[in-house]
Amino acid sequence: MLPEVGYSWGDVGSGLDKAMLALIGVLFALGLVSVYSAGISARTSTVAYVVRQSVWAGVSAVAYVAILRVGYRNFIRLSYWLYGATVLILVALDAMGAASKGAVRWFQIGPLSFQPAELGKVALILVLSRFCSRYPPDNLKNLFGALAISGVSVVLVLLQPDLGSSLVYVAIIFAILAVAGAPVKYLGSMVMTGIVAMPFFWKTLKTYQQMRLIVFLDPYRDPQGAGYNVIQSRIAVGSGGLWGKGFLQGTQGRLHFLPEPHTDFIFSVFAEEFGFVGGVAVVALFALLFWRMLRGAFRTKDTRAKLLCIGVVAWMWFQVMESIAMSMGLAPITGLPLPLFSYGGSSLLMVGVALALVQSVSISYVKEKFPQM
Amino acid sequence: MYKSLDHFDANQRLIYVRNVFIFSMLFLIIGMAYFQLIKGDEYVNLASENRLRMVRLLPPRGNIYDSSGVPLAVNVRTFDIKAYPMDLRTDGDFTRVSGLFARHGIPMTSSDLKEGVDRQYVAPYRAVSVATNLTLAQVSDLVMDPEFSQVLFPSPVWRRIYPSGPQVAHVIGYVGGITRDELEDQRDLYYQAGDTIGKNGIESMYEEELRGVTGEQVVEVDSRGRLLRNMNYNDPQKGNDIRLTINLAAQREALRLMEGKRGAMVAMDVEDGSVRVFLSSPTYDPNPLTWGISTKAWSALLEDEDNPMMNRVTGGVYPPGSTFKVVTAAGILMENVANTKTIVSCPGYFRLGPQNFRCWRRSGHGNEEIVGALRDSCDVYFYQMSVKLGIDKLIKWGREFGIGEPTGIDIPGELGGNLAGREWKQDRLGEAWYQGDTVNYAIGQGYLLMTPMQLARVYAAFANGGRLVSPRFNADKAPEWRDVKLSKANMDIIRRGIRDVVARGTGRVAGSFGFDVAGKTGTAQNSQGEDHALFVGYAPANAPKYVAAVIIEGGGSGSSVAGPLVGQMLAYLLERERGR
C-alpha cells in the first residue's frame, strides 16, 4: 500500500492552525504547574513527575510533528490494520488480566507503562471515520456494521475492566454516528436502549464500581470509605473560592486528602490553588480548543476528516466533563485523566497524536485550497 | 474524490453536536460557581477544620555490634518539638510559643523561633522543628501546659550514639543530616529534608539495611489543634542490626600500640577476610559529627595537620617499599627468570648504564639466592632480576595480587592505589618507561602506590595458600576471594623467605612476642619528610591465622618501628583466641 503523499515542511508551516497549537500549549503548561504542585506533598517533595511528564511531552511533540508530515489520510488508509492490531493487544491484555485475576490496564515495557485503551481511542476514531463515510449509518445495515466494528473494542475495554474508558468509546461512537448522518430516531433508540439496559448493566459491574456510583449519589453514605474521596475533593475545589489559595498553598492535595492528586484528581489540586477564576479559565480554554478543532471539520470537503475531528473532540470533551465534574462530586469517580493536564505518558502521547490528526485536517485544507506551484 | 453525504448536510449535524458539547461545559462552570462562590466559605472552613496532620515516625536505626556483641552504634530516644508553619504566622504566635518554652525553662526568643521556622520552611503544611534534643522529662512537662497542644506536638527522634567514640570511627563512620545533593540523588523517595543518613563507613555502606522502615501516623485535628481521631497508624520498623568482624578489645590494643603515631594498622583473618583490627591514627570522635558539630570545630577537624578524618587503611596510598618484594619474587619465579639456585652477587650497588642504584646495605650482601635475598631484603638481587623480568611481567603479577584495584572491603571511599606501568606513565607524564623505573618498582618505590589494606591482602594470600580474599566487616557477608595463579612450590619458597626475615633476617623483633611470625619489613621513601616505616606479616608462620599490616608515617625504618607493632598485634589476637 503506497502512502498518499504527505506534507512538506512548507505545507505544514503555512497550514498550521497556530491558535489551536497555542491553546494546547497553554493547557499543557497549566497542567504541568498542577502536576508539580501535586508532587509536593506532606510526605514527599519530588519533581520526578514533572520531569517525566516533560519527557513525555517531548516524545508527544515529536509524534505530533511526524504525524503532520505524514498527514491524517495515510492514517485513515491504515485504519483497519491499526484497529485490528489494537483489538489484538486488548485481547492479549484481557487474557493477562484473566490470568492474574485482577484489572490489567497497561503493559510494562521496561520503565514505561502503556495503556492500550488510550491507543484504542485513536484507532477507533480512525476506523469509524473511514467506515461511516463509506457506509453512512442512514440505514440499519450500515448502522449495525459500525456498531459491530466499534463494539468489539468497547467490550474488550469493559472486560479489563475499565468502565471509564469504555464510556469514552461510547461518546466517540455516538458523536461520529450523529455527524455521519444517523437518523434522529436511530440515535434516540440507542439512548433509550442504553437506559433500559442499565439495570442489567449494573449487575455486571464489580462491587467497587457499584460503590463508586452509589457514593456519587450520596457521598455521606460512606464518608470514611468510598465517599471520602468525593467529599475531600469537593472540599478541595470549594475551598479554592474565587481566587484560590495560591500556587503551592493548597492543603487538601498535600495532606493526602486527595488520592492520586497528580492524575485523577489533578483538577481538584488546580481548583484549590487557582479558584473559580482559574477553573473557569481552564474550562473556557478547553471550549475554545474544541471550537478551534472543529473549524477544520467545517471547512474540509472530506467527510472522513469531519468524522475524525468530531471523534477526537467527543473524546476530549467527555474526559474534560467527567474529570472536572468528578472533582466536584458531580460525576462518579472513574479515573479518567483530564486531557493535557493529568500526569501520565500514554494518555499524553495519545492525546498528542489525536490533536495532530486534527491539525493535519487543517493543513490539508489550506494546501488544497491554496495550492502552491 | 471521496464519497460525499449529499443527502444531508454533515456540517449542520456538526453544528448541533458542537453546540451540545460547548454549551454542556457551562454545567461545569455552574458547578464551580456553586461550590467555590456560593458555598466557598463553607468549604474553606471545612478544609481548615478537617485538618489532617501527617506525622512521620522515624524508625531507630539498626545497632552495630563488634564480633563479641559489644555495641558500637546504638540509639537513644530524644524529642523534637514540631509545628506547622501555617499555625505560626503572626508575631503573636511566635511570642506565645517562645513564652511557653520560657515558662518551662527552655530559653528561646521569638525572633530565634521565627528565624528557625523560616529557615526550615518548605510549605505551610510541612512540619518544622521548633526545639530539638529534649529529654522525656522536659517534653512531659511541656505537654502538660494547656497552650502546648494548640500548635505544637512532640516528635520522638532517635539519636545515634557511638559508645566507643573514636576507637572504631573509621569503620563505623557516622550519620548526619541529609544534604540537598543526597536528597536529589535518592531514587526511592525514602528521605525527607532533615532526615539522617549514613555518611561514612558501615553507616553509609549498609544504610539501606540499617535505616529501617518509617512509620506514619495520620491524625485529624480540629481548628484548635485538638486531636479528633487517629486515622491511620503504621509502626516504624527498626533497621536490621549488623554484627561486625571487628573486635573492640583488639582494636583498643591497636590504639594503645599506635598511641601518638600517625599511620595505619589493620589485621584480618587470613582465611575469610574477617577484619579484626582496623585503625587509622589519629582518629576522631564521630559523636559530635552526628549531633551537629559547630562550624568552627568542623573546620578545625578538617584542617588538622594529622588529618584525623582520613581513613589511612583503605584511603591512604603509600609506596609499599620492600614489602612489595614478595610480589616481585613471585614474578621472578613464575616467569622462570630465576630459581632457588640462581645466585646474584651484591656489592652494595647495582649499575644500570650511567645510573647507580644502591642496596640498603652499603657494604653489600655478597652472594644471594632468592630465599636469602628476601630474608636480607637485598635490593640488588631484585634490581637485577627485575631488569630480566621486565616491567610488563612485573605489572602482570602486581595485578594478579590485586594491586591497582580496590580490595572490595565493605566501607566506602576505598582507593585502589597505583599499579602504574608503561601506559600509565605515557598517559600521565607523557614519558616512556625506563629500565630505571623498573628497578625502583621492583623494591616497591617509584610510581607504585598501595593501601595498607592491599598489603595485608597480598600477605594473606601467601598465608592461606594462594587465595586473594576480599576483606569484610559484615560478619554475615559471605567471604569472597579469587585464586592467585602461584604454584605451590614457588609459594613455599617465598613463604620460607619471609619466615626467615623474622627468624634470622631484618625483622627479628617482630617474632619476639611468643609466636612465630612470617613477614616483611619495608621503608617507603617519603619526599615530604622522614621515611614511612612498614611491616606486614602473618602468624603463626607454620599455620597462619591472622595477617597484620602497619605503616607509621615518618616512622623511619620498618624493622625497628613497625615490626614490633605487628608482632604484638598478632600475638594479642592469637593469645585471645587461645584464651577462649
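**Loops, helix packing and nonpolar cores**

In chain B, the loop that runs between β12 (275–281) and α13 (286–291) contains Pro282(B). The bond joining Ser281(B) to Pro282(B) is a cis peptide bond, with omega at about 0°. The model described here is a predicted one. In chain A, a cis peptide bond leads from Gln160(A) to Pro161(A), with omega near 0°. Pro161(A) is placed in the loop between α7 (140–159) and α8 of chain A.

Positive phi values also occur in the backbone. Leu340(A), a residue other than glycine, has a positive phi near 70°. Leu340(A) belongs to the loop between α13 (303–327) and α14 (345–369) of chain A. Leu340(A) counts as buried because 29 C-beta neighbours lie inside 10 Å. Asn307(B), which is not a glycine, likewise has a positive phi, of about 50°. The loop that holds Asn307(B) lies between α14 and α15 (312–315) of chain B. With 17 other C-beta atoms within 10 Å, Asn307(B) is therefore partly exposed. Helix α14 (residues 295–303) of chain B, on one side of that loop, includes Trp298(B). Trp298(B) has 14 C-beta neighbours inside 10 Å and so counts as partly exposed. A distance of 9.3 Å separates the C-alpha atom of Trp298(B) from that of Pro288(B), the two residues being 10 apart along the chain.

Chain A comprises 14 helices and 2 strands. Of the 373 residues in chain A, 53% are buried. Among contacts in chain A with a separation of 6 or more, 73% are between residues 24 or more positions apart. One helix pair of chain A is formed by α6 (residues 116–134) and α8 (residues 163–180), whose axes come within 10 Å and cross at roughly 20°. Helix α6(A) is therefore roughly parallel to α8(A), and the crossing of the two is right-handed. On the α6(A) side, the contact is made by Ala117(A), Lys121(A), Leu124(A), Ile125(A), Leu128(A), Ser129(A), Cys132(A) and Ser133(A). The contributions of α8(A) are Ser165(A), Val168(A), Tyr169(A), Ile172(A), Ile173(A), Ile176(A), Leu177(A) and Ala180(A).

In chain B, helix α16 (residues 325–334) packs on helix α19 (residues 391–400) with the axes 9 Å apart and an angle of about 120°. The two helices, α16(B) and α19(B), are therefore oblique to each other. The crossing of α16(B) and α19(B) is right-handed. Residues Val327(B), Thr328(B), Ala330(B), Gly331(B) and Met334(B) of α16(B) meet Lys393(B), Leu394(B), Trp397(B) and Gly398(B) of α19(B).

Helices α16 and α19 of chain B are also among the elements against which the buried residues of α21(B) pack, together with β14 (349–352), β15 (355–358) and α18 (379–389). Helix α21 (residues 435–442) of chain B is mostly covered, with 6 of its 8 residues buried. The buried residues of α21(B) are Asp437(B), Thr438(B), Val439(B), Asn440(B), Tyr441(B) and Ala442(B). Gly444(B), which follows α21(B), has a positive phi near 75°. Helix α20 (residues 422–429) of chain B also has 8 residues, but the number buried is 0, so α20(B) lies largely in the open. Gly430(B) follows α20(B), and the phi of this glycine is positive, near 65°.

In soluble globular proteins, nonpolar side chains tend to be buried together. The largest nonpolar core of the model has 118 residues; the members that touch the most others are Met265(B), Val266(B), Ala456(B), Val547(B), Ala548(B), Val550(B) and Met569(B). This core lies between domain 1 (53–243) and domain 2 (248–289 + 311–579) of chain B, because both domains give residues to it. Another core, of 110 residues, lies apart from that one and includes Ala38(A), Ile76(A), Ala287(A) and Val17(B). Within the largest core, Val550(B) is one of the members with the most contacts to other members. When neighbours within four places in sequence are left aside, Val550(B) is in contact with Gly263(B), Met265(B), Leu534(B), Phe535(B), Ala562(B), Leu565(B) and Val566(B).

Conventions
Residues are numbered from 1 along each chain as its sequence is written. Chains are lettered from A and ligands numbered from 1 in the order in which they are written. This is a predicted model: local features need pLDDT of at least 70, side-chain atom pairs count only at pLDDT 80 or more; totals for chains, interfaces and linings use all residues. A nonpolar core is a set of buried Ala, Val, Leu, Ile, Met, Phe, Trp, Tyr and Cys residues joined through C-beta atoms within 7 Å. A residue is buried if 20 or more other C-beta atoms lie within 10 Å of its own, exposed if 12 or fewer, and partly exposed in between; C-beta atoms are placed from the backbone. Domain bounds come from an automatic or database domain assignment. Two residues are in contact if their C-beta atoms, placed from the backbone, lie within 7 Å. Axes are lines fitted to C-alpha atoms, for helices over the stretch in contact, and angles run from 0 to 180 degrees between N-to-C directions. Helices (H or I, at least four residues) and strands (E, at least two) are DSSP runs, numbered from the N terminus. Angles under 35 degrees count as roughly parallel, over 145 as roughly antiparallel, 65 to 115 as roughly perpendicular and the rest as oblique. A crossing is left-handed if the near helix is turned anticlockwise from the far one by less than a right angle, and right-handed if clockwise.
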